[in-house]
Amino acid sequence: DFFQTDLVVTDLEMPTSGEELIQTLRSRGVQTPILVMSGHMDEDRKRHLESLGAQETIAKPFGIPHFLARVKALIH
């Protein structure tokens, strides 16, 4: 197994788009939970990301306690 981690955290705005990362991981059979963050998050985008395979989304700015709660929920 080439990919062993408990959680993938990505942003939508990167040199490689977060959407592309999700699609690549899922197409390779990686089932690791994915948390996507973005400064441009609305309900339509959340649904789209979930349809690609993201388990959770979080809108920026966010507080560390909120972020950690989402992470803990995904890895437990």
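Helices (H or I, at least four residues) and strands (E, at least two) are DSSP runs, numbered from the N terminus. This is a predicted model: local features need pLDDT of at least 70, side-chain atom pairs count only at pLDDT 80 or more, and totals for chains, interfaces and linings use all residues. Residues are numbered from 1 along each chain as its sequence is written, and side-chain values use heavy atoms, with hydrogens and water left out.

**View A. Leu-68 in helix H3.** Leu-68 is partly exposed, at a relative accessible area of 39%. The classes are buried for under 20% relative accessible area, exposed for over 50%, and partly exposed in between (1.4 Å probe, protein chains only). Leu-68 and Gly-53 are 15 residues apart in sequence. In space they are 20 Å apart, C-alpha to C-alpha.

**View B. Helix H3 (residues 64-75), its length and its two sides.** The expected span of a helix is 1.5 Å times one less than its number of residues. For the 12 residues of H3 that gives 16 Å, and the end C-alpha atoms are 16 Å apart, which agrees. Phe-67, Val-71 and Leu-74 of H3 are buried. They cover an arc of only 65 degrees around the axis, which puts them on the same side of H3. The arc is that of the directions from the helix axis to the C-beta atoms. An α-helix has 3.6 residues a turn, so residues three or four places apart point the same way. Pro-65 and Ala-73, on the other side of H3, are exposed. The cover over the buried residues of H3 includes strands E1 (8-11), E2 (34-38) and E3 (56-59).

**View C. The cis peptide bond between Lys-60 and Pro-61.** Omega is about -5 degrees here. Pro-61 sits in the loop between E3 and H3. Most residues other than glycine have a negative phi, and most peptide bonds are trans.

**View D. Helix H1 (residues 18-27) against helix H2 (residues 43-52).** The two helices pack at an angle of about 25 degrees, with axes 9 Å apart. From H1, the contact uses Glu-19, Ile-22, Gln-23 and Arg-26. From H2, it uses Arg-45, His-48, Leu-49 and Leu-52. Contact means heavy atoms within 4.5 Å. By class, the contact has 3 nonpolar, 2 polar and 3 charged residues. Axes are lines fitted to C-alpha atoms, for helices over the stretch in contact, and angles run from 0 to 180 degrees between N-to-C directions.

**View E. The buried side of H1 and the residue just after the helix.** Gly-18, Ile-22, Leu-25 and Arg-26 are buried. Their arc around the axis is only 95 degrees, which puts them on the same side of H1. E1, E2 and H2 are among the elements that cover them.

**View F. Thr-57 in strand E3.** Thr-57 is buried, with a relative accessible area of 5%. Leaving aside neighbours within four places in sequence, Thr-57 contacts Leu-35, Val-36, Met-41, Lys-46, Leu-49 and Arg-70.

**View G. Val-8 in strand E1.** Val-8 is buried, at 9% relative accessible area. Val-8 and Pro-33 are 25 residues apart in sequence, yet 6.3 Å apart in space, C-alpha to C-alpha.

Key: Nonpolar A, V, L, I, M, F, W, Y, C, P; charged D, E, K, R; others polar.
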